[in-house]
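Please read the sequence and the model shown here, and then follow the questions below.

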Amino acid sequence: MALVVQKYGGTSMGSVERIRNVAKRVAKTYDAGNDMVVVVSAMAGETNKLVALANEVCEFPDNREYDVLVAAGEQVSIALLAMCLKAMGYKAKSYLGFQVPIVTDTSYSKARIESIDDKKMRADLKEGTILIVAGFQGVDESGSVTTLGRGGSDTSAVALAAALKADVCEIFTDVDGVYTTDPNICKDAKKIERISYEEMLELASLGAKVLQIRSVEFASKYNVDVHVRSSFNENLGTMVTKEDKEMEAVLVSGIAYAKDEVKIAVMQVPDKPGIAAQILSPLSDANISVDMIVQNVSEAGSTDFTFTVPQADFKKALSITKETAEAIHAKEVLSDENVTKVSIVGLGMRSHAGVATTMFQALAKEGINIQMISTSEIKISVVVDAKYTELAVRVLHDAFGLAGK
């Protein structure tokens with residue numbers, strides 16, 4: 001007997017018929033002799049509706065109340081799935097985040113899990129109960145509802161798998177696994193059978209929508225094998241696991257892109273020590289993540305300071321940056337929402353030279369101008385004009401021979 005944690009996303013739970021299909025899949029795994037914990041997202045589109053309501057009420061919704069609102073979608077999903085399983089004759093029980101409880105910090109809408117009390121869950125599992133847990137949500141020490149950010153159900157599932165020492169965590173979604181790039185852009189994109197935590201972490205952080213980045217962090221920290229697969233067929237998907245020599249032999253594993261980033265530039269900033277901290281600290285205090293950063297060479301005692309932030313934080317980030325720019329006597333703040341970050345990722349980049357040259361030459365050949373560059377040991381990211389997104393992805397996919405894998 002194994003302990004299996006399964007997670008089903010919003011598309012898998014998108015209708016009553018699909019919820020019934022999820023129930024059948026869960027029942028099949030349970031009937032094979034496994035203990036079952038199932039984590040589900042809100043039905044497709046429900047969270048977006050709740051977010052739209054919040055934004056209609058006010059421009060900057062209160063963070064605590066925002067979490068109370070958007071957590072409602074998962075409550076509907078867990079109840080419907082539990083009802084369905086019970087109607088099929090199975091013993092099932094739904095849990096909200098605070099009922100587990102999944103304890104988080106107080107970073108509303110981006111909360112981080114601090115601990116999970118698994119006593120009640122283990123007791124129910126011993127009784128043969130299938131547990132249905134609301135993804136995406138938790139509770140802070142004051143008892144307030146918190147949420148883990150978009151895609152947070154992945155993190156809920158992996159964290160529960162780690163806490164319960166599950167044999168496997170299966171993430172069911174609307175795709176067959178992790179691909180070399182977006183199959184909607186490259187028809188010859190190939191499914192990756194095995195990928196390392198480190199590569200998946202980079203791909204997730206760079207725009208690949210298959211797994212939330214914090215779920216991969218959890219998996220890596222606690223050595224949880226994560227099987228990404230489709231909820232619409234029985235095909236094997238992609239196993240996210242510890243790296244091995246075979247993975248290290250691959251130069252570039254995948255191409256990722258992110259359209260949900262915005263470029264902000266603070267022009268003619270006084271070029272003196274501590275100025276970067278003055279610009280970025282208020283953003284950090286507001287829990288806004290800054291990604292790529294470029295500072296130009298100083299001219300006449302001033303410089304331009306450019307960085308990217310998530311689209312979701314753009315309004316707040318722009319407002320904060322304008323206040324800071326005024327305080328430090330910068331000339332002006334410019335922004336550009338029409339940009340895309342395109343990245344290449346691969347363990348093999350550690351030991352191979354010329355990867356950046358191949359990337360830049362491939363883009364230059366198509367007349368694609370690079371606005372910003374960021375690198376790490378196993379990835380290179382560039383910011384380009386949004387209109388070149390699909391072309392850049394296809395060109396790089398071909399340049400590194402990913403179609404043939």
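Helices (H or I, at least four residues) and strands (E, at least two) are DSSP runs, numbered from the N terminus. The model is predicted: local features need pLDDT of at least 70, side-chain atom pairs count only at pLDDT 80 or more, and totals for chains, interfaces and linings use all residues. Residues are numbered from 1 along each chain as its sequence is written, and side-chain values use heavy atoms, with hydrogens and water left out.

Q: At which residues does UniProt place the feature "binding site"?
A: The feature comes from an unreviewed UniProt entry. Its positions follow the numbering used here, its name is shortened, and the annotation may be inferred rather than shown by experiment. The residues in that record are Thr47 and Glu74.

Q: What is the largest C-alpha distance between the annotated residues?
A: Threonine 47 lies in helix H2, residues 46-57, whereas glutamate 74 is found in helix H4, residues 72-87. The two are spread over 28 residues of sequence, yet they cluster in space, with a largest C-alpha distance of 8.8 Å.

Q: Is threonine 47 buried or exposed?
A: Relative accessible area is the criterion: under 20% is buried, over 50% exposed, and in between partly exposed (1.4 Å probe, protein chains only). Because its relative accessibility is 9%, threonine 47 counts as buried.

Q: What is the relative accessible area of glutamate 74?
A: Contact means heavy atoms within 4.5 Å. Glutamate 74 is buried, because its relative accessible area is 3%.

Q: Which residues does threonine 47 contact, leaving aside its neighbours within four places in sequence?
A: With neighbours within four places in sequence left aside, the contacts of threonine 47 are Ala42, Val70, Glu74 and Arg150.

Q: In which helix is the place of serine 153?
A: Serine 153 is in contact with Lys7, Val39, Val40, Ser41, Glu74, Gly135 and Phe136, apart from neighbours within four places in sequence. At 4% relative accessibility, serine 153 counts as buried. Residues 152-164 form the helix that holds serine 153, namely H6.

Q: How far apart in space are valine 145 and proline 61, C-alpha to C-alpha?
A: Valine 145 is found in strand E8, residues 145-147, and is partly exposed at a relative accessible area of 24%. Its contacts beyond four places in sequence are Asp67, Val68, Ala71, Tyr108 and Gly138. Valine 145 and proline 61 are 84 residues apart in sequence, and their C-alpha separation in space is 15 Å.
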